[in-house]
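Please go through these points with the model open beside you.

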Amino acid sequence: MTDVVRLTQYARGGGCACKIPPGELEDAVAALRGALPGGPGDASGPGGPAPQGHTAGPASTAEVLVGLDDGDDGAVVRVADRLAVVSTADFFTPVQDDAADWGRIAAANALSDVYAMGGTPVMAINLVAWPRELLPTELLAEVLRGGLEVATRAGCPVIGGHSIDAPEPTYGMAVTGTVGPDRLLRNDAAEPGLPISLTKPLGVGVLNNHHKATGTRHPEAVELMTTLNDTASRAAVDAGVRAATDVTGFGLLGHLHKMCRASGVAARIDAGAVPVLRAARELLGQGFVPGGSRRNLDWVRPHLRAEGVGEDELVLLADAQTSGGLLVVGEVPGAPVIGETVASGSLGEGVTVQVA
C-alpha cells in the first residue's frame with residue numbers, strides 16, 4: 001500500500017512549508033506575548049497587579065526562563081536550581097509519499113526543537129490527524145512506526161498521544177526535554193562580533209517540492225531530514241555557545257532575522273559559504289520552489305540588504321526547510337562558518353541581515 005498511495009497528494013502543503021506565514025503568525029499571537037503570570041513583561045508578577053479580567057490561580061513554583069516573547073524553539077521553565085524543563089510541539093502534513101519516511105522526518109523535526117535549546121529529549125507523545133475514510137490505518141501504523149524508530153534512536157520514549165479524524169493527514173510530536181539552565185541555548189542571546197555556523201545544508205524545501213510534484217525520490221533530502229541535531233547541539237554547548245535556533249519553515253533568512261531582532265544585533269552572511277544541496281540549485285532553475293520559501297523572502301525583505309545577490313540565491317537562503325540544521329552564533333566543530341554577527345544599526349536603519 002505504501003508504494004501505491006502518494007501521501008503528499010492529500011495535503012496542500014508539505015512538511016514545514018505548510019506553516020502559517022511568519023508575519024500572519026506573529027499577528028495572531030501578538031496578544032499572548034508577556035501574558036504569562038510572573039513571566040517577562042507581565043504586570044501580574046511581584047509588585048504588579050493581575051491583568052484586567054484575569055483571575056489569579058494557584059502560584060506556580062516553576063520559573064519561566066523562555067516564554068513566547070521572542071518566538072524561540074521551545075518553552076523552558078526552571079524546576080530546580082540546576083534543572084529546567086523544555087516543552088515543544090511540532091507537526092505537519094506529508095512531506096514524503098513513503099509513510100515511514102514521513103514519520104521519521106516528523107519525529108526528527110519535533111525533537112530538533114529540544115536540541116536547538118541545548119536540551120535532551122526525555123519523552124514524547126504522538127499528535128495525529130487522519131482522514132479515516134480516505135487512507136487506511138495500515139498507512140498510519142507505518143507513520144507511527146517511523147516516528148518511533150527515530151525517537152528510539154534519540155533515546156526518547158514515545159508514550160501515547162492524541163488523534164483525530166480530519167480532512168488532511170497530519171503527524172508530529174509533543175516533546176518534553178531537560179536542560180541545565182547554564183547550558184541553555186536561546187535565540188535572544190546572540191552578541192555582536194561572533195561567527196555564525198550552520199550545521200546542515202539548505203535546499204530540502206526545493207527537493208520536497210519536486211518530490212510532491214513528480215514523485216521523484218531524493219534520498220539525500222530524506223537522509224538530511226532524518227538526521228538528528230543531537231551531536232551538533234552537544235558540540236555547540238560544549239563550545240560555550242549561548243545563542244542558537246534550528247532552521248525550519250521560515251528558512252535561514254527568516255530564522256536569522258528573528259534571532260537578530262530578539263538579540264538586538266545584526267548579521268552579515270556570505271552567500272558563497274552557505275552549504276546548499278546541488279540538486280536544489282538545478283531544480284530551482286526549473287521552477288520547483290515551495291510557496292512558503294517565497295513568502296519567507298517577502299517577509300524578511302524589508303529588513304534585508306542584498307545588493308548584487310541574485311533572486312534565486314535569496315530564494316534558496318529563504319527556502320522552507322523541514323528538520324533543518326542548527327543556526328549557531330559561535331563556531332561548531334565540523335560545521336561551516338557562514339557569516340558573523342555585528343552591532344545593531346551598523347548595516348543601516350532597520351536592516352538585520354546583509355547578504356553578500
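Is Glu63 buried, partly exposed or exposed? Glu63 is partly exposed, at a relative accessible area of 40%. Here buried means under 20% relative accessible area, exposed means over 50%, and partly exposed lies in between (1.4 Å probe, protein chains only).

1. Basis. This is a predicted model, in which local features need pLDDT of at least 70 and side-chain atom pairs count only at pLDDT 80 or more, while totals for chains, interfaces and linings use all residues. Residues are numbered from 1 along each chain as its sequence is written, and side-chain values use heavy atoms, with hydrogens and water left out.

2. Glu63 and Arg78. These two side chains form a salt bridge, at 2.9 Å from N to O. A salt bridge is a side-chain nitrogen of Lys or Arg within 4 Å of a carboxyl oxygen of Asp or Glu. Glu63 sits in strand E1 (residues 63-66) and Arg78 in strand E2 (residues 75-80), so the pair links parts 15 residues apart in sequence. Strands (E, at least two residues) and helices (H or I, at least four) are DSSP runs, numbered from the N terminus. Arg78 is partly exposed, with 25% relative accessibility.

3. Arg6 and Asp97. The closest N and O atoms of this salt bridge are 2.6 Å apart. Arg6 is in the segment before helix H1 (22-29), and Asp97 is in the loop between strand E3 (83-92) and H2, so the pair ties together parts 91 residues apart in sequence. Arg6 is partly exposed at 25%. Asp97 is buried at 9%.

4. Glu340 and Arg268. Their salt bridge has its closest N and O atoms 3.3 Å apart. Glu340 belongs to strand E12 (residues 337-343) and Arg268 to strand E9 (residues 265-269), so this pair joins parts 72 residues apart in sequence. Glu340 is partly exposed at 36%. Arg268 is partly exposed at 34%. Elsewhere, salt bridges that share partners join Asp101, Arg104, Glu149 and Arg217 into one network. The model's salt bridges number 14.

5. H2 against H3. The axes of helix H2 (residues 99-116) and helix H3 (residues 137-153) come within 7 Å and cross at roughly 40 degrees. The axes are lines fitted to C-alpha atoms, for helices over the stretch in contact, and angles run from 0 to 180 degrees between N-to-C directions. H2 and H3 are therefore oblique to each other: under 35 degrees counts as roughly parallel, over 145 as roughly antiparallel, 65 to 115 as roughly perpendicular, and the rest as oblique.

6. Who makes that contact? On H2, the residues include Trp102, Arg104 and Leu111; on H3, they include Leu139, Glu149 and Val150. Contact means heavy atoms within 4.5 Å. The residues of the H2 and H3 contact divide into 10 nonpolar, 3 polar and 4 charged. Ala, Val, Leu, Ile, Met, Phe, Trp, Tyr, Cys and Pro count as nonpolar, Asp, Glu, Lys and Arg as charged, and the others, Gly among them, as polar.

7. His210. This residue is in helix H4 (residues 204-214). His210 is buried, at 9%. Beyond its neighbours within four places in sequence, His210 contacts Gly215, Thr216, His218, Leu283 and Phe288. Other buried residues of H4 include Val206, Leu207 and His211. The cover over the buried residues of H4 includes helix H5 (219-225), helix H8 (278-285) and helix H10 (311-317). Gly215 follows H4, with a positive phi near 85 degrees.
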